[in-house]
Amino acid sequence: MQFHHYGYVSEDPRVLPASGYGLNRPEELPDEMDVLIVGSGPAGMIAAAQLSMFPDVRTHVIEKRDGRLVLGQADGIQARSVETFQAFGFATEIEDEAYRITEMSFWNQDPERPENIIRMGRPIDDEFGISEFPHLIVNQARVLDYFARFMRYSPSKMTPDYGWEFADLKVEEEGEYPVEVTLRRCAEDEEEHTRTVRTKFVIGCDGARSQVRKSIGRRLSGDSANHAWGVMDVLAVTDFPDLRTKCAIHSKSGSILHIPREGGYLSRMYVDLGDVPEDPKHSVRDTPLEEVIERANAILHPYTLDVKNVAWNSIYEVGHRLVDAFDDRPADCPEDTVPRVFLTGDACHTHSAKAGQGMNVSMQDGFNIGWKLGHVVSGRAPVELLGTYHDERQPAAQNLINFDKEWSTLMATPQDELGSPDEIEKYYVQAEEFAAGFLTQYSDNIITGTDEHQDLASGFPIGRRFKSHPAMRRCDALPKHIGHEHFADGRYRIYVFADPAAPSDPDSPTAKWAEWMSSDENSPFKRCTPADGDENAIFDIKVIYQQHYRDFEVTDAPKLFRPNVGPFDLHNLENVWSAIKDNDIFEARGISRDGAIVVVRPDQYVSAVLPLDDREELTKLFEGLLNSAN
């Protein structure tokens, strides 16, 4: 990480100086604000964390609890989420405390003794090298703690406002703060009362029973599988040999999805309770814990499970539901209608917990709307950007529900009804890239270009997240994953993959592109960079040369790649990179040796791939994305 450029820092450099709203942030919830986030779950906290990096945006998070979450229900962290944590600065820390999934065991009925289970397959996790990031299991509460720390350390100095419950809202057509929100004070030891606040935008992150969703007339629709599962986090003594390995268990008595938890001793078990009739009273939810434990022992036979302690348990029925829209715009509204209320996470999509997707997809919802609201409210981007939230995240949620239907159905299917004993194992391996969170692909819109020049960088598909690869940072000869330098600061990344000419050649296509970008008044850099700010305030522009790093000096690169930062106009030297000879990023990601431009959004998705000489298309892209700064 970079620091000292604003003066010497002797304490934790992750604690950024207060600025904007963070200089005099009120201790009590104010009457007016720019963004109100309802709910401090994964979607709400990542949206808040992203918005905390926009100190001129007055953001508040309300939560009806009196304090931090103590016992989280979600615990599966897919590789895409860990990649996201890297952008928020805590991937390494959470990896150290989490349980890491390295393989999964599949247990089926013993053909010779069907009353017993035996291990059949043990595929490794990420068999195809989908990501350099791991698949983790860790308490949701700890994920929220890390986002809360990021918010406290940010320039905004944001913390959740606990003890406030959302009651209702109404959106007016005019006014600086067109959304009136009614809140209910529900803090312990305080008298209950209501009050109203006004805001420009609301993000509803308040779960499957979302009051925000109801207040804007949105509905969840879908179906129920009429199948019930008991879930419990247990400390147990057992002779089952795979207690510390993720397992899918199919036996004569039903199924278990077994997931070891962080810390070395805790385990989560999803125990199949079988098909249930349609019941408006959902009486299956009254199933006693003792019955769930008894069913688990029957499924595990010939092994036994002696449960010593239960940290948390619940009964749930599988349902797959999707909201009709992710914002409050009427279906027949004019194109220029500004959405004011957005839904995220369980407020707009519900599914089973067994695929480990809920928290992960919810965080991508929050990341997506967080940077977009930051750009619009701060004046950096036009309001049209907000319409892309529904257009991008609704199809992503539909794909998740389709996947979860298949997976949860397979897990509930008796072994003798499967096509083959290893059908579930094969599906698990084949679906690995989707389950890891890397198959989301956004369609063509104002922030996602066409694939006309995709062949220039085939390994960076447009609309998909930027798949990192190692390169050599020239200034300090440090090999690093270049994508791991993508901090969640709201900036666009522009990766310039250079042509074969020497970095010092002033007539090379790369040098000419840099000269145009840094001097032409119509270029995105000149048009959008504030005159009184750092040169890299809006764009983080990196160049990757094909030459060996010892064959050129960092100062051979054009000045654009060594921007001035801070009050002393220091030169940032960390944007000049080189391909590694035996692990060449050009080769690994299918990048043309003639060079290419790869534009990446603040949430790490590829916006465009362009040739070095296509100034017009790059200019056109950012004319729709960023307002002029001067």
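This is a predicted model: local features need pLDDT of at least 70, side-chain atom pairs count only at pLDDT 80 or more; totals for chains, interfaces and linings use all residues.

Biologist: Start with the rings. How many aromatic pairs does a search of the whole structure find?

Modeller: The search turns up 26 aromatic pairs.

Biologist: Why is the pair of tryptophan 107 and phenylalanine 240 called tilted?

Modeller: Their ring centres are 4.9 Å apart, and the cut-off for pairing is within 6.5 Å. The planes stand at 50°, while stacked needs under 30 degrees and edge-to-face over 60, so tilted is the label for this pair.

Biologist: What makes it a link between distant parts of the chain?

Modeller: Tryptophan 107 is in strand S5 (residues 104-109), and phenylalanine 240 is in the loop between strand S12 (220-238) and strand S13 (246-251), 133 residues apart.

Biologist: Why do tryptophan 107 and phenylalanine 240 count as buried?

Modeller: Buried means under 20% relative accessible area. Tryptophan 107 has 2% relative accessibility, so it counts as buried; phenylalanine 240 has 5%, so the label applies there too.

Biologist: And why is the pair of tyrosine 270 and tyrosine 316 called edge-to-face?

Modeller: Here the planes are at 85°, and over 60 degrees is edge-to-face. The centres are 6.3 Å apart, which is within the 6.5 Å limit, so the rings count as a pair. Tyrosine 270 belongs to strand S15 (residues 267-275) and tyrosine 316 to strand S16 (residues 305-323), 46 residues apart. Both tyrosines are buried.

Biologist: Which residues form one aromatic cluster?

Modeller: That cluster is made of Phe85, Phe88, Phe90, Tyr146, Phe147, Phe150, Phe367 and Phe487.

Biologist: Now charges. How do you know that the charged end of arginine 195 sits over the ring of tryptophan 164?

Modeller: On distance, it is 5.6 Å from the ring centre, and the limit is within 6 Å, alongside a limit on the angle to the ring normal. Arginine 465 also lies over a ring face, that of phenylalanine 438, at 3.9 Å from the ring centre.

Biologist: What about the largest nonpolar core: why do you say it lies between domain 1 and domain 3?

Modeller: This core has 112 residues, and Phe88, Phe147, Trp513, Ile541, Phe561 and Phe622 have the most contacts inside it. Domain 1 (20-88 + 139-222 + 321-409) and domain 3 (454-624) both contribute residues, so the core lies between them. Apart from it there is another core, of 25 residues, among them Tyr99, Met104, Ile424 and Ala435.

Biologist: What does phenylalanine 561 touch?

Modeller: Leaving aside residues up to four places away in sequence, its contacts include Trp513, Ile541, Val543 and Tyr545.

Biologist: How far apart are the centres of domain 1 and domain 2?

Modeller: Over C-alpha atoms, 32 Å. Their contact takes 15 residues from domain 1 and 13 residues from domain 2.

Biologist: Which residues of helix H9 are buried?

Modeller: In H9 (residues 423-430), they are Ile424, Glu425, Tyr427, Tyr428 and Val429. They pack against S5, strand S6 (117-121), S13, helix H8 (388-412) and helix H10 (432-435).

Biologist: Last one: why is arginine 149 called buried?

Modeller: Its relative accessible area is 14%, and buried means under 20%, so arginine 149 gets that label. Arginine 149 lies in helix H4 (residues 140-153) and touches Arg14, Gly89, Phe90 and Glu93, not counting residues up to four places away in sequence.

Technical notes: Residues are numbered from 1 along each chain as its sequence is written. Side-chain values use heavy atoms; hydrogens and water are left out. Rings of Phe, Tyr and Trp (its six-membered ring) pair if their centres lie within 6.5 Å; planes under 30 degrees apart count as stacked, over 60 as edge-to-face and the rest as tilted. Helices (H or I, at least four residues) and strands (E, at least two) are DSSP runs, numbered from the N terminus. Buried means under 20% relative accessible area, exposed over 50%, partly exposed in between (1.4 Å probe, protein chains only). A charge sits over a ring if NZ of Lys or CZ of Arg is within 6 Å of the ring centre and within 35 degrees of the ring normal. A nonpolar core is a set of buried Ala, Val, Leu, Ile, Met, Phe, Trp, Tyr and Cys residues joined through side-chain atoms within 4.5 Å. Domain bounds come from an automatic or database domain assignment. Contact means heavy atoms within 4.5 Å.
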